[in-house]
Amino acid sequence: MAADLKPMLDGIFEVGPPPRLLGAECPICKQKFFPKPIVCPHCLEDVKEIKLNTEGTVYSYSILRIPNKLYQFPQPYASGYVDLDNDNIRVYCLFDPEKAEEIRIGQRVTLRVGQIGIGLDGKECLRYYFTPVDGGEK
Ligand SMILES: [Zn+2]
């Protein structure tokens with residue numbers, strides 16, 4: 001991966017290796033969040049940044065076959081939600097563009113970071129995505 005590429009947004013993941021999503025936990029109500037909110041939306045307490053689990057299970061997904069003009073994602077591409085192991089949190093994500101047709105509900109997936117599409121500045125950027133645990137290596 002090109003060393004000069006920047007994450008799509010600062011502060012939501014570490015590039016690694018290993019890549020990690022940066023979430024938050026409320027010290028009062030123990031809720032976890034991704035991405036990190038300004039304060040806990042339930043009790044307005046300050047939250048603590050945490051590194052989230054890197055593996056989980058596909059909760060839902062969609063395969064999109066329309067051009068994404070804003071971010072120029074490859075076609076088709078899959079996006080959806082993953083339930084992260086142990087964190088009791090569901091995160092919105094892209095799935096591996098090279099394996100969009102392989103994604104299934106209930107599938108085990110693992111976190112990756114790579115160049116996908118462009119950012120709001122029009123430059124190529126890094127995005128987090130999940131890929132199948134079995135055969136997920138590119
Ligand atoms: Zn709270």
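**An all-strand chain and its nonpolar core**

Of the 138 residues of the chain, 25% count as buried, a residue being buried if 20 or more other C-beta atoms, placed from the backbone, lie within 10 Å of its own. The model is a predicted one, in which local features need pLDDT of at least 70, side-chain atom pairs count only at pLDDT 80 or more, and totals for chains, interfaces and linings use all residues. Residues are numbered from 1 along each chain as its sequence is written.

The chain has zero helices and ten strands; helices (H or I, at least four residues) and strands (E, at least two) are DSSP runs, numbered from the N terminus.

Five residues separate β9 from β10 in a hairpin, and G122 in its turn has a positive phi of about 85 degrees.

The largest nonpolar core has 24 residues. Such a core is a set of buried Ala, Val, Leu, Ile, Met, Phe, Trp, Tyr and Cys residues joined through C-beta atoms within 7 Å. The members that touch the most others are L21, V82, C93, F95, Y128, Y129 and F130. At least two core residues come from each of β6, β7 (77-84), β8 (89-95), β9 and β10.

Methods:
Pairing = 2+ DSSP bridges. Buried ≥ 20, exposed ≤ 12 C-beta atoms within 10 Å, placed from the backbone.
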